[in-house]
Amino acid sequence: DAVLAMAGVRLGWPLAPDGEVAQGAKGAAPVPIAPSFVTVRPRAARGEASEEAPPEDTGRAAADLTQYHLDGSERLEELLDGPFSSHAPPTGAPSPLSAPEARLLGSLEVSFVLAMLLHSLPALDHWKALVGLLCGCEAALREGRRGALFTAFVEVLVEQLEQLPPDLFSDVLLEGNFLQPTLRGLRELTADLRECPPALAVALGRLWGALKDQFGIDLEADPEALDDGETGPTVVLGVHEC
């Protein structure tokens, strides 16, 4: 319920994509439904520098600012400590996830459902932002932080990919879609880990297997299978004030 409430959705409410008007009961005023989501700072795209800076970036060195945009670990902590945080006691069965982690993962699931069923653009953008963020948390993965969250995320991502069309990576219209560099980046990050938690290793094995079985992409045999031909990320060497 908390996750739905964050998206502006309540059980039993009629839904319409992108804030279009949904008709209520006969004689009642139309009910505008507009799913809304927490803002997720995007990871800098490959080959370009992000122009969006964290609110407290005024004292950051250029290298730190670059790291902030290329590694999602700090932005993940900001989300978990900010909009997804909760002082309410946990409810339901015990879970390896903290309440903020469970709420973030729930937001990933809700946005996927709304994007697929309602073709909601805000939901799709939120799903893409969360997937991109969680696939790019180099420091957190390397240091073994948030292991339960990353494991649960990969498990959810596998289930979601199984709902997508098999031509996702071969359709000309979808060529270069964000999942290509995102999943290749996750593969590169996790392949370089000195120690991968057993549960995460199993989940990643399922992910690479799903890519191979459903989409014909074998990232384990060919790490460049999703190569989009773009250059690496641009590194910020200095910041000049106008």
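Tutor: Start with E77. Its relative accessible area is 18%, so E77 counts as buried, the cut-off being under 20%. Keep in mind that this is a predicted model.

Student: Where does E77 lie?
Tutor: E77 lies in helix α3, which covers residues 73–81.

Student: And what does E77 touch, leaving out residues up to four places away in sequence?
Tutor: R145 and R146. With R146 there is also a polar contact, side chain to side chain, at 2.8 Å.

Student: OK, zoom out. How many helices and strands does the protein have?
Tutor: There are 9 helices and 2 strands. The order from the N terminus is α-β-β-α-α-α-α-α-α-α-α.

Student: What share of the residues is buried?
Tutor: Of the 242 residues, 39% are buried. The accessible surface comes to about 13,400 Å². Carbon and sulfur atoms hold 55% of that surface.

Student: What about contacts between residues 24 or more positions apart?
Tutor: Take the contacts with a separation of 6 or more. Residues 24 or more positions apart account for 65% of them.

Student: How far does α7 reach from its first C-alpha to its last?
Tutor: α7 runs over residues 147–161 and reaches 21 Å. That is close to the 21 Å expected at 1.5 Å a residue.

Student: Now the outside. Which residues form the nonpolar patch on the surface?
Tutor: V113, M116, L117, L121 and L124. Together they have about 440 Å² of accessible area. Two elements give two or more residues each: α4 (99–118) and α5 (121–134).

Student: Which element gives the largest share of the patch?
Tutor: α4, with 3 residues.

Student: Pick one, say L117. Buried or exposed?
Tutor: L117 is exposed, because its relative accessibility is 66% and the cut-off is over 50%. L117 lies in helix α4.

Student: Why would residues three or four places apart in a helix point the same way?
Tutor: An α-helix has 3.6 residues a turn, so residues at that spacing point the same way.

Technical notes. Residues numbered from 1 in each chain as written. Predicted model: local features only at pLDDT ≥ 70, side-chain atom pairs only at ≥ 80, totals over all residues. Heavy atoms only, no water. Patch = residues over 30% accessible without salt bridge, like charges linked within 9 Å, V, L, I, M, F, W, Y side chains within 5 Å. Areas by Shrake-Rupley, 256 points an atom, 1.4 Å probe, with all protein chains shown as cover. Salt bridge = Lys/Arg side-chain N within 4 Å of Asp/Glu carboxyl O. Helix = DSSP H or I, 4+ residues; strand = E, 2+ residues; numbered from the N terminus. Buried < 20%, exposed > 50% of the residue type's maximum accessible area, 1.4 Å probe, protein only. Contact = heavy atoms within 4.5 Å. Polar contact = N/O pair within 3.5 Å; in protein donor to acceptor, adjacent residues only side chain to side chain. Expected span 1.5 Å × (residues − 1).
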